[in-house]
Amino acid sequence: MEYFQQSPLQTKIYKLFLQKIPMEKTLVLIKPDAMVKKLAGNVISELYNAGLKMIGLKLVNVKRELAEQHYNEHKGKPFFEKLIQHITGELHGNENVIAIAYEGEDAIQKIRTAAGKTHPEEAEYSTIRGKYGRHVSSTDCFENVIHASDSPKSGEREIYLWFDEDELI
């Protein structure tokens with residue numbers, strides 16, 4: 001079987017082409033509510049369709065310190081404690097999340113489109129949050145299944161909060 005081999009000139013052109021494409025990085029967290037419902041495989045499968053490169057993946061036992069660092073911009077807001085309780089698994093009896101780092105062109109927008117609106121009741125039915133999310137009135141918890149970075153700056157900050165450099169490819 002013959003394989004296509006690039007000439008040195010083709011390789012150089014391809015590398016120059018890749019340098020022109022702005023590569024964004026984004027963090028996805030599959031939250032405890034998704035983990036207890038055994039939705040991780042479904043979520044990863046749906047995110048795969050975004051066509052991005054997965055550069056990091058790990059299971060994390062989330063402690064309060066990490067949760068507070070992650071949600072630092074919400075500190076002092078009325079819902080801050082609920083965010084911490086949710087991501088640390090206090091509301092679901094499961095403190096594990098799956099952290100995934102993605103890279104690619106328009107990564108933030110592609111992941112956020114697949115995720116849907118933060119509030120599950122406002123999310124399109126075809127999105128991850130629309131299919132699997134819900135609002136639990138007894139705990140006033142928005143089980144929105146995943147976290148997705150909202151900007152390139154947040155994506156970079158969050159990835160290096162959740163991953164060590166040597167854990168990324």
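The protein chain has an accessible surface of about 10200 Å², and 53% of that belongs to carbon and sulfur atoms; areas like this come from the Shrake-Rupley method with a 1.4 Å probe, and for residues only the protein chains shown count as cover. This is a predicted model, where local features need pLDDT of at least 70, side-chain atom pairs count only at pLDDT 80 or more, and totals for chains, interfaces and linings use all residues. Residues are numbered from 1 along each chain as its sequence is written, and side-chain values use heavy atoms, with hydrogens and water left out.

Now for the layout. You'll find 8 helices and 6 strands in the protein chain, in the order α-β-α-α-β-α-α-β-α-α-β-β-β-α from the N terminus. Both are DSSP runs numbered from the N terminus: helices are H or I with at least four residues, strands E with at least two.

| What | Value |
|---|---|
| Contacts (heavy atoms within 4.5 Å) with a separation of 6 or more that join residues 24 or more positions apart | 73% |

Let's zoom in on A40, which sits in helix α3 (residues 40-48). Is A40 buried or exposed? A40 is buried, because its relative accessible area is 16%. Leaving aside residues up to four places away in sequence, A40 touches I30, A34, M35 and I98. V145 is 105 residues from A40 along the chain, yet their C-alpha atoms are separated by 9.1 Å.

Methods
Buried means under 20% relative accessible area, exposed over 50%, partly exposed in between (1.4 Å probe, protein chains only).
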